[in-house]
Amino acid sequence: MPAPYPGPGGRPLTVADVLALPVVADGDPRVVTGMEHVDRPVRWVHITELTDPASFLKGGELVLTTGMPLPDDTGGVRRYVDELAAVGAAALVIELVRRYHRPPDALVDACRARGLPLVTLAKDVNFLEVTQVVHALLLGNQADAMRRTQRVHEAFTALTLRGAGPEDVLRAAAEMSGRTVVLENLVHRALVCEPSGSTAEAVLTDWERRSRSTPAADRAGIRGSEGWLVAPVEYQGETWGRVAMLHDPSGTSAPARTAAPPPFGPEDVTVLERTAMALTIARLTHPTPWERAAHRNALRDLAEQRHHSPADARARVAALGLPTEHTRFVAVLADVPAESDTARTEARLSEELDASGAHALVGLLAPARIGVLLALRPSQPWRQAVERVSRTVLDPAPGTTVSVGSPAGDLADVARSFREAARVAEATGPGQPLPPDRSFHERSDIGLRRLLFALRDDTRVQEYAERQLGRLLDHDARHGTGLLATLRNYLDAAGNKTVAARAAGVSRETVYQRLRTIERVLGRDLESGEQRTELHVALQALDALRGR
């Protein structure tokens, strides 16, 4: 037999729970009408043999009767049931032992018409014992609820005292309530989402429309067709946004539910009210606008592929106001000089892009690196959009290096675009010359020298340079010669010995002699174009390893 006691999170005792109690189950209970309503909470148990018990009820009572006071006429039975239903009785339980051995048809019809659960007991039950057991459970549940409420207050007080941000506050609210919690601003951008038993895709899909159809409230309350529990979040005395607690949406990847989610109860309201209060305080103590923090988190998750699925990523980005359909994405990295105010540059760039109507996420990805994700129409020239970003960031932070990855046709490819931008940034570096027609670096700017510089920490590059030139370097070190310089002049002159001699300031015969020595030391044929190419690459790798 399933446990009849309140479930996790302080679920109220229901009619079904009472019927499962051993003291009631021994009476062989049978639900005759209102099976769909046996999840109604039971506030109290009331034994009555009066013809008008409703005048002594306040709602939520489980009414126990032997059937003795029931009127004989159909009209009287209907009035009896109407009064119970009107006052909000949880259920009517009738014992079929003394007056009746089957429930009267008039009683069944009246209960069915009013949606009142009618339960019959085929065997004698001690009603007094039922009230004692149920009332003990109810009182115990109330004490547990008070203790849980106290723990909620203590938990949010601790979060406030340690200066927790919105992510920490919402995570705590989701854990305490076992429900999904979302923080949004006044323009219905979902800034923080903590799904519980669901996915970001299921929670945030079509977020703005659903949120706008959920009316605002000046205090915690249930609103809208989806029945969200919402509470306002304030900043400096004005409403800044709101926090919403949601039922698990249908169609999620979570295991299928066997029943509808339980309705929001007083403890859920307490959790949401304390969440809103903690967020209001956090809004005062965290100077960085939360919209900017949301952009940073979304960018980092996209760049590092930390989303559960591409669908989750699309839903989250769309809930921040970025288009995801029929869109081309471009990743941009701006490496700001150490002496610059990176946060100020980030804020200016975000404001300028907003003012221009551009769709973009802007956020710090590292202490001196600003990330930008541009969302462009397929026909929109992406280099022109990147140029705008570059010019905007160079104004307050001259010396900034802007690098861009190749466009991505889908949000799932954004991580690749960011990786390309990072490789471009590493290969070009600060102070590298730019093409005359633009103020940013792109993949086509990476020549052999810059590519090897970017790969200088790869042991394969190091081994290649040593294998090709190590013996020549050792010879110069032992004998004090400059054969490496002669090889460089020769290769830079594309094998022209006369040009190489002129560059070194020596005679052609001297160059001939040195080249023969180089061939002997390295065991290479310098007349071979392929071998000259291999040595030229090795020289470029050596320069990169030496930081040139």
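Among contacts in the chain (heavy atoms within 4.5 Å) between residues at least 6 apart in sequence, 64% join residues at least 24 apart. A word on where this comes from: it is a predicted model, where local features need pLDDT of at least 70 and side-chain atom pairs count only at pLDDT 80 or more, while totals for chains, interfaces and linings use all residues. Residues are numbered from 1 along each chain as its sequence is written, and side-chain values use heavy atoms, leaving out hydrogens and water.

Now the overall form. The C-alpha trace spans about 135 × 50 × 45 Å along its principal axes. Of the 548 residues, 48% are buried, meaning under 20% relative accessible area with a 1.4 Å probe, protein chains only.

What does the secondary structure come to? The chain has 20 helices and 14 strands, taken as DSSP runs: H or I of at least four residues for helices, E of at least two for strands, numbered from the N terminus.

Let's zoom in on two of those helices. Helix α16 (residues 459–479) packs against helix α17 (residues 483–492) at an angle of about 130 degrees, with the axes 8 Å apart. Axes are lines fitted to C-alpha atoms over the stretch in contact, and angles run from 0 to 180 degrees between N-to-C directions. So α16 is oblique to α17; angles under 35 degrees count as roughly parallel, over 145 as roughly antiparallel, 65 to 115 as roughly perpendicular, and the rest as oblique.

Who touches whom? From α16 come L469, L472, L473, H475 and D476, and from α17 come L483, L484 and L487.

Key. Buried < 20%, exposed > 50% of the residue type's maximum accessible area, 1.4 Å probe, protein only.
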